[in-house]
Amino acid sequence: MNENFIQINGISKHFGNVKAVDDVSFSIKEGEFFSLLGPSGCGKTTLLRLLAGFEYPTNGNLLIDGSDITALPPDKRPTNMVFQNYAIFPHINVEQNIKFGLRKLGLTDDEIKKRVDDVLALVKLEGYEERFSGQLSGGQRQRVALARALVRQPKVLLLDEPLGALDKKLRDEMQLELRTLQKEIGITFVFVTHDQQEAISMSDRVAVMSEGKIQQLSAPNELYKNPENIFVSDFIGETNFLKASTRSKDGDHINVAIEDLGDFKVKNNLNIPENSSDVVCSVRPESMMISRDKSDWDICLEAKINQTSYLGEMTRFYVEVSGINKVITVSSQHFDNQSFENNTCFISISLEDISLLQKK
Amino acid sequence: MNEKNNSLLVYTLIYFGFLYIPVLFLPIFSFNDANYMSFPLAGFTTDHYEEMWSKRNLHKALWASVKVGVVASVVSTAIALLAAKAFVRYKFRGQNVSYGAIMMPFLIPEIILAVSILIIWINLGFPLGLVPVTIGHILFCTPFAMLILIARIEGFDFSLEEASRDLGENAWGTFYRVSLPLYLPGIIAALLLSFIISFDEFILAFFLSGSDATLPMYMWNQMRFVKKLPHVLALGAVIIVFTTFIVLLAFWLRNVGQGKEKQDIAIKL
Amino acid sequence: MFQAWRNLYSKSDNAKAYSLLSPALFLIILVMLIPMALMLSFSSFTQVSMMEIDFTPTFQRYIDFFEKSLLVSLLIKSVKISFIVTLITLLTAYPVCYYIAFYVKKNKMLWLVLLTLPFWTSYLLRVFSWKIILGTKGVFNSTLLGAGIISEPLTFLMYSEEAVIITLTHAWAAFALLPLYVSLEKIDFSYIEAARDLGLSKFEVFWKVTFPLSLPGVIGAILIIFIPTVGDYVTPALIGGTEGRMLSNMIQAYFGKINNIPLGAASATIMLTTVILITAIVSYTTKRLTQRLS
């Protein structure tokens, strides 16, 4: 397996004064399901379009499978794209759409027929050959777009928020299907999305982008458990930030003073220096425990419930801890809004679940 | 407003009468068996139409108008297509100024366009004739063609062109396989309507055609002679029917695949 | 080599747009702006004889223009006629567009085609049809004579300012209808309902909501009628006679049988300048007027 199948070397893309992509370098592995995740305007789509060849970088170069594609036009690149709105040609039918990109590959009629039949079976669209774009549902259009790109057997498939236009239930189905499909055919997928849940559930690795830069590139569980900065911690899932300052180091741990709570020793994965006041502690709502009675966890605080929201599989509590002028979010699968008398409760935190992050 | 407004309806009908009835006198009198256009009608005849077959100058003028119209409509539609795409697709510096500049021939009194082309043409030492008329018509038709094409291309999904590039077609293949078939109804509408504008255009032809009369010039020359008027009427009636047919065809084409009524408007300002 | 490729492809939107626009801009510059500049320079020359022109720059042609009371009066008359035509066309066409935009529900398509069709039919023939109607032995006179209402043909119908005004109003109506209709059609009906909801009377709604919102169309119609009609040649030549003559007819004469190209060029320049000035004033005041209304 080629670890450096796609190489992005010092890529920048400026539109006038706007740095849409700002000196980004990383590699994507062969056969990987790779996601570019970030809020709108973070540069993820521009980066994808740079890979496709619809934009050309201001600086840097791009390599796929060892060859430099930086200056190649889109039609000369070993990539194909599934567009956000699918871009199904409205004047030709499904079969002609799928055949569209085969003309220049120099295939025989039999080979073309086989490829088309195979890909139709792959995306479960047999029997829809004669339909036109206007006669298809959103999900079917998405399958046509996928088939049209895959039939060319690209080295890399680029997907630009392909699930954004679908409703929730269909989207969940398609997530699973896309993931299975990718494992089946083994083509490298580069997937752009703003939906963190989508990125985390589908990808082998995720690059979180903001303001044209990669904020963190790692496996989904790492992103969640060990965010490298405040942006990632905030963007992936939900979290509570507590102001803090560091004291002395102790091996791979460090002593911190969390505002209004006292001094604690927490792990220091990011190697934050001693005596810094520019740090925060991040605690996920679901890593905390809410209870009626005091617990023997590392930190246990008495609190008052301000507001609850019932979410079905869990309930989210917005609590005010005595002595701290801050609302903390806690979620629980065991308790709901009926569980507490007088709205008093205890919330417990394990030091292991505290991530120490540096402010910018 | 679901209520009706009958007084406005009556007014509107009267207004449409004012618009359409005067033009109807041309076909009516073209079948009248008299040299004067007055009531009561003298009797039915098709003589004035038959007369057209024998007029060699008319045939020459018709051929001249067709030649000028075809060249002017093809060239102006090609120029307008590129310009329309620029305006719909891109936001760029100087957009409004460029748009205003290209629309200017549509607004400036035609006589000024005609006179200035006349001055430069004779000072370059070129002879008057169909060539300067055609050049003038290209200038005059381009803004019309551009308006029609902009109305058609607006809302066009440009990711279709990107998809084509992505699927291995180069710029020409993309134009031929994706853009052209999708723009085609608009392009044909623009061609037809620019042809009609050129075919009916009078002022530029009047100043620039020299002795090579176009059809409107031929009619103009005949209008001075009372005796020749009836066959001008017949010719006019034929032209009106022909124009109406072409324009309706263009409207129909322009609306193919476009359901929205707002897009039915030929001129957007 | 890659660098060269990259520069070629990484063209900004500006560059892409202007490469698409270049044929159109080239056309405008070559066939309109340069000839108009040349016309401007010719207005500073002197016609010495039939074939000979003195190229020494002079303002004399403009002085000639304003010293010839005929030319000045023709300019004033052209502007006056155009102004009246524009006003009549706007006032008469507005209710029609208003009706189609707000009241027509069924067969809207048919109404729209009816609205647009005259726009494309031959201008020359539209004008000519009025010659049939207003002529001494024309439709109007022969009908009145036949009905015994008059005993002599009404000769003032043709070859008068009024005849020119009626004909121009008819011939240019199509140009007013489209911009007016488009701007009225664009108005979101919920604005009007909101205004009614807030207690405005129908009349107030029209003046405070509908009319101001339709103003782009009104200005468009003014520009599209006023500017070309000032320079109209066909109508005064066919219908106007001596009484209804306009400046264009003189310009044509200077380029034709009088053969004084510099004076013709100066007259054309003065016409263009007048038109530009007046439209600038009209659109400015109309905009100010609306601001005061709303």
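Contact here means heavy atoms within 4.5 Å. By that criterion, residues 24 or more positions apart account for 69% of the contacts in chain C with a separation of 6 or more. The model is predicted, with local features needing pLDDT of at least 70, side-chain atom pairs counting only at pLDDT 80 or more, and totals for chains, interfaces and linings using all residues. Residues are numbered from 1 along each chain as its sequence is written, and side-chain values use heavy atoms, with hydrogens and water left out.

Chain C holds 13 helices and 2 strands, taken as DSSP runs (H or I of at least four residues for helices, E of at least two for strands). Its radius of gyration is 25 Å, well over the 19 Å that the globule rule gives for 294 residues, so chain C is more spread out than a compact globule; the radius is taken over C-alpha atoms, and the rule is 2.2 Å times the number of residues to the power 0.38. Of the 294 residues, 56% count as buried, that is, under 20% relative accessible area with a 1.4 Å probe and protein chains only.

Against chain B, 91 residues of chain C are in contact with 93 residues of chain B. Leu20(C), Trp120(C) and Leu125(C) supply 10% of the area that chain C buries against chain B, more than any other three residues. Two areas are set out below, accessible area coming from the Shrake-Rupley method with a 1.4 Å probe, and buried area being the accessible area that two parts lose on being put together, summed over both.

| Area | Value | Carbon and sulfur share |
|---|---|---|
| Buried between chain C and chain B | about 8300 Å² | 82% |

Note on methods. Chains lettered and ligands numbered in written order. Buried < 20%, exposed > 50% of the residue type's maximum accessible area, 1.4 Å probe, protein only. Buried area = accessible area lost by both parts, 1.4 Å probe.
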